Amino acid sequence: MDIFHLDKLSLFLLFFVPGFISIKVWGYLVPSQSKKMNEYFFDAVSYSCLNFAILSWLIIIIGKENYQNEHPIVFYFLTLLILLIFPILWPIIFKGILSTKFFQRFTINVDPTGWDHHFKKGEQQYVLVHLINGKLIGGVWGFSSSFPNPEDLYLTETWKVSPEGEFMHPIDESKGMWIGKDNISYLEFFKAQTYQEEKEEEEK
């Protein structure tokens with residue numbers, strides 16, 4: 001694989017695609033602001049070069065004279081690793097490293113907002129929604145949007161809430177509720193616990 005004899009299209013694919021793949025995978029792992037294609041170019045090329053630098057030992061192996069002819073299956077497998085598999089793995093590995101307690105002491109959280117940081121855990125929980133108009137809505141969290149989309153909230157189950165914010169009972173025949181970002185003042189979160197369990201604890 002002699003890069004000095006590759007045509008322009010091959011060079012573009014070689015130095016852009018691996019980095020672009022890493023950027024897209026990172027975007028799925030960590031919500032980020034959408035960019036135009038031209039804004040990806042230099043980042044993609046930089047990540048591709050970093051990928052090639054780390055895997056230079058593999059590139060040296062498959063770049064040996066007649067290696068492709070003598071070991072065609074291994075050649076194409078290693079090429080797939082370099083151009084596709086490792087560019088997918090690097091963001092996953094990097095995200096895992098940054099998520100460890102050790103590195104969190106020295107780096108900022110990779111989540112773009114507190115909203116994303118909380119809801120990414122996917123834990124079932126009760127949510128007390130304080131609306132801008134002063135009213136309260138209670139319910140069970142079902143889904144929340146992520147950055148850069150508006151911070152909307154969907155409750156799979158809605159509850160009758162007292163003026164003091166106490167969850168009283170589920171609303172009959174409710175199929176949930178969608179609440180837009182512009183209506184939310186702030187949220188309170190409570191551990192998932194059924195109304196029946198709460199009553200049993202009160203009676204003890």
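1. S22 is buried, at a relative accessible area of 11%. That places S22 below the cut-off, because buried means under 20%. The residue sits in helix α1, which covers residues 8-29. Leaving aside neighbours within four places in sequence, S22 is in contact with P87 and P91. Both prolines are themselves on the list of buried residues in α5. Please keep in mind that this is a predicted model.

2. Overall make-up comes next. The protein has 8 helices and 6 strands. Along the sequence the order is α-α-α-α-α-α-α-β-β-β-β-β-β-α. Of the 204 residues, 28% count as buried. The protein exposes about 14000 Å², and carbon and sulfur atoms supply 61% of that area. Take the contacts between residues at least 6 apart in sequence: 59% of them join residues at least 24 apart.

3. Helix α5 deserves a check on its length. It runs over residues 72-98, which makes 27 residues. At 1.5 Å a residue, α5 should span 39 Å. Its end C-alpha atoms are 38 Å apart, so the two values agree. Where does α5 bend? The bend is at L81, by about 45°. L81 is also buried.

4. Now the aromatic residues. The whole structure holds 11 aromatic pairs. For F41 and F42, the ring centres are 5.5 Å apart and the planes are at 85°, so this pair is edge-to-face. The cut-off used here is over 60 degrees for edge-to-face. F41 and F42 also belong to one aromatic cluster with F16 and F20. F42 is exposed, with a relative accessible area of 64%.

5. The strands can be read from β3, residues 153-161. Strand β2, residues 136-144, runs antiparallel to β3, and 6 bridges join them. Within that pairing, S144 has L153 of β3 as its bridge partner. β3 also pairs with β5, residues 177-179, again antiparallel, through 3 bridges. There, Y154 is bridged to W178 of β5.

6. Which strand forms a hairpin with β3? That strand is β4. β4 covers residues 167-170 and pairs with β3 in the antiparallel sense over 3 bridges. W159 has P170 of β4 as its bridge partner. The hairpin has 5 residues between its strands. In the turn, G165 has a positive phi of about 95°.

7. Last, a loop residue. D172 lies in the loop between β4 and β5. At 68% relative accessibility, D172 counts as exposed. The cut-off for exposed is over 50%. D172 and K160 are 12 residues apart in sequence. In space, their C-alpha atoms are 9.6 Å apart.

Definitions and conventions
Residues are numbered from 1 along each chain as its sequence is written. This is a predicted model: local features need pLDDT of at least 70, side-chain atom pairs count only at pLDDT 80 or more; totals for chains, interfaces and linings use all residues. Side-chain values use heavy atoms; hydrogens and water are left out. Two strands pair if DSSP finds at least two bridges between them. Helices (H or I, at least four residues) and strands (E, at least two) are DSSP runs, numbered from the N terminus. Buried means under 20% relative accessible area, exposed over 50%, partly exposed in between (1.4 Å probe, protein chains only). Contact means heavy atoms within 4.5 Å. Rings of Phe, Tyr and Trp (its six-membered ring) pair if their centres lie within 6.5 Å; planes under 30 degrees apart count as stacked, over 60 as edge-to-face and the rest as tilted. The expected span of a helix is 1.5 Å times one less than its number of residues. The bend at a residue is the angle between axes fitted to the seven residues ending there and the seven starting there. Accessible areas come from the Shrake-Rupley method with a 1.4 Å probe; for residues, only the protein chains shown count as cover.
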